[in-house]
Amino acid sequence: MIIVRPYKKNDREDVLHVCHRTGYFGEDASPHFGDETLFGLIFASYYIDYEPDNCFVADCDGKAVGYIIGTPDTITQQEEFNHLIIPKVLRRMFPKTLLSNPRDVIFLLGLRGFAKFEDELYAGNLLQKFPAHLHINLLAEHQRGGLGGELLGAFEEKMQEKDVSGIHLVTTDANKKAVPFYKKNGYEIIKELENIMWERKSVQKSKALAFAKDIAKEI
């Protein structure tokens with residue numbers, strides 16, 4: 001039996017594993033990024049280590065096979081990420097990842113345009129209207145069974161409890177499972193940007209899609 005429940009500390013390794021197994025356009029990132037620890041550190045560790053009350057997992061017999069993680073305040077999260085996570089990333093990269101998986105380091109150093117990407121993403125009043133953001137992933141064998149919707153519902157309810165007005169997220173048009181899922185659950189595309197993640201590894205060019213949903217409580 002699989003249930004959706006709040007994240008617990010002993011779910012950490014499972015969450016990092018799921019992050020790596022689903023990190024390449026929704027598919028396994030292992031062939032493209034070898035250091036699972038570094039991958040999870042960059043893309044998941046902040047939320048489960050520093051905002052665990054905003055995180056939920058899909059529990060299959062005591063093992064997390066999926067998750068939703070996020071924050072009600074993207075601006076603060078970005079500041080804290082730079083302060084708390086970037087030093088850990090650098091300590092992992094040099095020399096450990098550089099010696100064991102040098103292509104991972106080359107890939108990360110190639111993301112020089114990420115700051116420009118975020119500037120374009122957050123231009124205007126996006127963060128005023130949709131200050132929260134999320135990341136959701138499920139292992140392939142547990143998709144299409146309604147768990148994604150349950151995880152999304154749990155996160156949205158938590159954000160409403162915190163009086164958050166709206167949520168945004170970013171995926172790509174290459175993630176064929178994610179796009180219809182978000183649309184089905186009331187998220188609308190508000191921006192399309194040039195995608196910089198995996199651009200050198202992808203067979204075809206993809207667009208980054210910013211989705212958003214108004215969850216403000218009606219008075």
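User: Where is Asn175 found in this model?

Analyst: The model is a predicted one. In it, Asn175 occupies the loop between S5 and helix H10 (178-184).

User: Why is Asn175 called buried?

Analyst: The relative accessible area of Asn175 is 14%. Not counting residues up to four places away in sequence, Asn175 touches Phe25 and Gly26.

User: Is Phe25 buried or exposed, and how do you know that?

Analyst: Phe25 has a relative accessible area of 13%. The limit for buried is under 20%, and therefore Phe25 counts as buried.

User: Why does Arg144 count as exposed?

Analyst: Its relative accessibility is 75%. Exposed means over 50%, so the value for Arg144 places this residue in the exposed class.

User: What makes Thr171 a buried residue, and what does Thr171 touch?

Analyst: Thr171 sits in strand S5. Its relative accessible area is 9%. Because buried means under 20%, Thr171 is classed as buried. Leaving out residues up to four places away in sequence, Thr171 touches Ala178, Val179, Tyr182, Lys207, Ala208, Leu209 and Phe211.

User: How is the sheet arranged?

Analyst: The sheet is open and has 7 strands in the order S1-S2-S3-S4-S5-S7-S6, with mixed pairing.

User: Why are strand S1 (2-6) and strand S6 (188-194) called edge strands?

Analyst: Two strands pair if at least two bridges are found between them. S1 and S6 each pair on one side only, and they are the edge strands. From one strand to the next, the twist averages 25°.

User: How do you know that S4 and strand S5 (residues 166-172) pair?

Analyst: S4 and S5 are joined by 2 bridges and run parallel.

User: Why are the buried residues of helix H6 said to line one face?

Analyst: In helix H6 (residues 102-109), the residues Asp104, Val105, Phe107 and Leu108 are buried. Viewed down the axis of H6, the buried residues fall within an arc of 160°, and so they line one face of the helix. On the face turned away from the buried side, H6 carries the exposed residues Arg103 and Ile106. H2 and H5 are among the elements that cover the buried residues of H6.

User: What is the contact between helix H4 (residues 74-84) and H5 made of?

Analyst: H4 and H5 pack at an angle of about 35°, with their axes 4 Å apart. Phe81, Asn82, His83 and Leu84 of H4 meet Ile86, Pro87 and Lys88 of H5. By class, this contact has 4 nonpolar, 2 polar and 1 charged residues.

User: Which peptide bond is cis, and what is its omega?

Analyst: The bond joining Phe94 and Pro95 is cis, with an omega of about 10°. Pro95 is placed in helix H5 (residues 86-100).

User: Which residues touch the most other members of the largest nonpolar core?

Analyst: This core has 58 residues, and Leu134 and Trp198 touch the most other members. Helix H9 (residues 147-161) supplies the largest share of the core, 6 residues. Another core lies apart from it, with 11 residues, among them Leu127, Ala208, Ala210 and Ala212.

User: What is Trp198 in contact with?

Analyst: Leaving aside neighbours within four places in sequence, Trp198 contacts Gly23, Tyr24, Phe25, Ala29, His32, Phe33, Phe39 and Phe107.

Conventions. Residues numbered from 1 in each chain as written. Predicted model: local features only at pLDDT ≥ 70, side-chain atom pairs only at ≥ 80, totals over all residues. Heavy atoms only, no water. Core = buried A, V, L, I, M, F, W, Y, C linked by side-chain atoms within 4.5 Å. Buried < 20%, exposed > 50% of the residue type's maximum accessible area, 1.4 Å probe, protein only. Contact = heavy atoms within 4.5 Å. Arc of directions from axis to C-beta. Axes fitted to C-alpha atoms, helices over the stretch in contact; angles between N-to-C directions. Nonpolar A, V, L, I, M, F, W, Y, C, P; charged D, E, K, R; others polar.
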